[in-house]
Structures are given as structure tokens and as C-alpha cells.
Amino acid sequence: SFPWQGVSLAVHLARLFSLFMGLGTVLCTYHIVLLIFPKKPIFALGAMAFNAFNPMFIFVSASINNDNLVILLSSIVLFILARLLHSVKPSALRLLTLGGVIGLACLSKLSGLALIPLAALALALRQMSEWKHRPESMRDWMPLLREWLCECITMFAPVLLVAGWWYY
């Protein structure tokens, strides 16, 4: 009963924190779709509403569990990857940030490990897109492969620093 004290207060605060993580996920959904379809903000609103009013998402966001954190961190990773796909060359800071967020997702739940190959694939797609737009005389794939490996190592180093100790 109100006013909450002790365990009851702690549970209500944890549920409030979970709701804020759900809100962050919904906002990430909006920004990801807006980045993909910049001239169609109605798509972003629709995706945000679809996410926000999904009954299971509401249930998970209103309860105390580690799913909320991994969903939020995965949404942040997807947003960073969407921005990386639209940039010419990702900065080292952006790759380190991506790796740090993936590391936190890996710490929050085992399914966060799936973000590592997804990020490597997104970096490879960006490299392939860059390769495709080069003139025929400059289509040597070895420098791009080397650059992709450097980007993957830069992205994977913070994952190891943040979550490697746990999996070890």
C-alpha cells in the first residue's frame, strides 16, 4: 500500500526503470525507421506504435527482468549499425562505442552474443557497397578486406573488455 517502503519501494522503482528501458526501445525503433525512410516519417510512427502497443512488449517492459536491458541495448546497436551503413567510413570512436554497447548486451543476456556477427555483417555490407561504387580499375578487394578486418577488431576489442571476463 502507498506510501511504499522497503522491498515494495524497490520493486516499484525497478519496474519504473524497466518502463524507461521500454521507452528507450520505442524511441530507438522510431529513429531506426526514420533513418531508413527519411522522407516517410509516418513509417517511423507506425513502427514505433507497433512496437509500443505490442502486448508482450508491454508486459515485458512492465516487469523486472534482464530482457528489457538486452532489448534496449540491441535497439541501440541496430541504430548505430543503421548509421554506419549510411556513412562513408565509420570513425574509430563509433566502432568502439558499438563494441561497448554490444559488450553490455552480452553481459545482460547470452542472446546479446548474436549482435557480434550481425555487426560484422553490417560492416561487410558497407564495405561491399563502397567497393561496388568504385571504378572498375580500383576494384581490388584486398584493401577492403584488410579495412573490414581492422574495423571488426576495433569493434570487437571493447566487447572483449566489457564482457570477455564474464564468458571466460
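This is a predicted model: local features need pLDDT of at least 70, side-chain atom pairs count only at pLDDT 80 or more; totals for chains, interfaces and linings use all residues.
Residues are numbered from 1 along each chain as its sequence is written, and side-chain values use heavy atoms, with hydrogens and water left out.

The partner of Lys109 is Asp67, and the two form a salt bridge whose closest N and O atoms are 2.2 Å apart; by salt bridge I mean a side-chain nitrogen of Lys or Arg within 4 Å of a carboxyl oxygen of Asp or Glu. This pair joins distant parts of the chain, since Lys109 sits in the loop between helix H5 (92-108) and helix H6 (115-132), and Asp67 belongs to helix H4 (residues 67-86), 42 residues apart. Asp67 is also partly exposed, at a relative accessible area of 23%.

How many salt bridges does the structure hold? There are three, and another of them brings together the side chains of Glu147 and Lys89, at 3.6 Å from N to O. Because Glu147 lies in helix H7 (residues 141-167) and Lys89 in the loop between H4 and H5, this pair ties together parts that are 58 residues apart in sequence. Lys89 counts as exposed, with 53% relative accessibility.

That leaves Glu151 and Arg126, which form a salt bridge with their closest N and O atoms 2.5 Å apart. Here helix H7, which carries Glu151, is linked to helix H6, which carries Arg126, across 25 residues. Are these two residues buried or exposed? Both Glu151 and Arg126 are buried.

Now to the protein as a whole, which has seven helices and zero strands, assigned as DSSP runs numbered from the N terminus, with helices being H or I of at least four residues and strands E of at least two. The C-alpha trace spans about 75 × 45 × 20 Å along its principal axes, and 33% of the 168 residues count as buried. If we take contacts, meaning heavy atoms within 4.5 Å, between residues at least 6 apart in sequence, 67% of them join residues at least 24 apart.

Notes. Buried means under 20% relative accessible area, exposed over 50%, partly exposed in between (1.4 Å probe, protein chains only).
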